[in-house]
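Have your viewer ready, and let's take a short walk through this protein together. Each stop tells you what to select and what you will find there.

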Amino acid sequence: MDKMSHGPLEASQSAWEQHPKNSLNWPERKKWRIVLVIATVILLVGLNATSVTTPGLVIAEHFHVADTFFPHSFWPVTVWNSGAAIGPMIGMPMLENFGIRRAYMVSLLYSFVGFRKLIIRVLKLLYLVFTAMVIPQALAQNFATLLVVRAIAGSVGGILQNVLEQVAPEIWATEKDRNLPITIYTFVYVSGVTLGPVLGAIVHDFSWRWVFYIQLIIYGAMLPIVLLTIKETRGPIILSRLAKTDSSLAKAANELPHPKLLSLIYDAITRPAHLLFTEPVVFFLTLWAAFCFGLVFIMTQSIPQVYHANYAISDSASGLVQTSLWVGEAVGFAACLPQNAYYLRSAKRNKSDPGTPIPEARLPLSIPASFIGLAGGLFWYAWSSFPQVHWMVPTIGLAFVGFAIMVIITAVDLYIADAYMKYAGSAIAAVALGENLFAAWLPLAAKSMYTTLGFQWASSLLGFVAVGLTAAPVVLWWKGDVIRGKSKFIREAKRVA
């Protein structure tokens with residue numbers, strides 16, 4: 001009886017697994033087309049976060065905001081990143097249930113509707129909302145307006161920045177196939193915020209408002225590409241739609257879970273926080289990655305100070321120096337590719353779970369990158385920041401820092417995804433929360449720190465912090481299997497898997 005009753009369900013599930021519209025069965029060309037468009041969007045969104053730093057003092061002066069005792073000119077970046085920390089906590093679980101394509105497609109119309117309808121509508125209108133929020137940034141008539149619209153832009157942009165990490169597992173079934181897309185995701189994620197000051201430096205001399213006009217033109221040009229290219233990738237969403245017209249898929253669709261919206265939001269907010277403060281692995285790796293991501297934003301404050309004082313380079317031109325960080329990140333991206341291959345080969349020596357790659361095999365490159373690239377690059381930048389030393393010398397140190405940032409953030413994201421499996425989304429959300437909070441608030445102390453301690457000791461202090469945080473991957477490389485064995489979440493994820 002049981003065997004017969006399960007037969008139609010198994011047949012329906014088998015039909016879905018082999019269905020050409022199942023995103024796992026799409027042609028490689030289609031998958032990569034979607035990934036590259038989303039990656040471009042992530043890169044462009046990052047520009048909006050930091051391009052405002054280059055004309056920051058000009059904007060503050062325009063709105064009669066003084067930087068004398070506090071770096072008020074950095075508030076536009078702080079509120080953006082604060083929004084980016086909060087938005088994905090709620091938005092990403094919504095995408096899992098209501099779909100990726102809707103989130104990228106239409107415009108925002110606020111109205112007094114029920115909470116559920118409002119959430120769904122916001123997700124449908126996500127991409128154009130972000131684009132539309134650039135308009136009031138460009139036309140803002142007071143500082144308060146600029147801050148409010150940038151907070152909204154950050155909350156929406158934060159969701160857009162995290163989409164590719166959600167899409168890759170939906171269209172590639174194996175870790176081998178997902179490694180490159182996720183590495184690309186990390187690269188464009190850090191590249192966007194790194195290159196923002198460069199964009200600001202290029203167009204700043206026209207007017208600070210042109211920093212936003214240029215972005216509006218770019219985002220508008222991307223809109224038809226996004227609309228025509230992005231397809232729904234979430235398997236359950238596709239299955240539910242197809243089952244309405246294809247009876248062979250109906251039973252498989254009926255087995256899909258249908259979580260309540262409020263319950264989903266509650267779990268989305270509480271589980272990342274719970275993981276962050278109860279799981280040592282998540283906590284210390286978040287500190288490590290968040291410090292690296294925060295450094296990108298600290299350098300938007302440090303570089304203008306150092307290069308203006310030592311080399312009389314204008315604040316706008318110093319934005320171009322930020323390119324050195326990006327060059328290091330590009331080299332780091334290339335270095336991550338053989339690291340990914342090393343990780344896959346580790347499956348052969350996994351004695352506890354034969355055939356499965358070892359999560360700690362994600363870490364070997366990140367350890368020297370943290371010691372030599374991050375800490376070493378910061379010390380190099382610190383003790384070459386003298387007027388009598390050519391400006392290229394500290395700039396090379398920044399490239400080392402950029403290399404380390406790319407390698408470390410990639411290692412953290414992939415390690416947590418491998419270790420926490422079922423709970424990877426929540427664990428990565430915790431890391432993203434830490435990264436954006438560090439990026440939002442740490443740089444507010446940068447100007448004061450560099451003024452009080454001096455260029456050499458301020459950067460050295462950051463270098464000492466980098467040395468201390470390197471203990472996290474070293475301990476995991478040494479005792480990672482033991483530590484993972486003591487984690488309640490990891491043990492449960494393994495049982496479910």
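Start by selecting α11 (208-229): its buried residues (under 20% relative accessible area, 1.4 Å probe, protein chains only) pack against α2 (28-50), α3 (56-62), α7 (126-139), α8 (143-161) and α10 (175-203). Contact here means heavy atoms within 4.5 Å, and helices are DSSP runs of H or I with at least four residues, numbered from the N terminus.

A note before moving on: this is a predicted model, in which local features need pLDDT of at least 70 and side-chain atom pairs count only at pLDDT 80 or more, while totals for chains, interfaces and linings use all residues. Residues are numbered from 1 along each chain as its sequence is written, and side-chain values use heavy atoms, leaving out hydrogens and water.

Now show the side chains of α11; among the buried ones are Trp-208, Arg-209, Phe-212, Tyr-219 and Leu-223. Zoom in on Leu-223, where α11 has a kink of about 30 degrees, shortly before Pro-224. That bend is the angle between axes fitted to the seven residues ending there and the seven starting there.

Next, select Met-392, which lies in helix α19. Met-392 counts as partly exposed because its relative accessibility is 36%, and partly exposed covers the range between buried and exposed (over 50%).

Finally, zoom out to the whole protein: colour by secondary structure and you will see 23 helices and zero strands. Of its 497 residues, 55% count as buried.

Notes:
Helix = DSSP H or I, 4+ residues; strand = E, 2+ residues; numbered from the N terminus.
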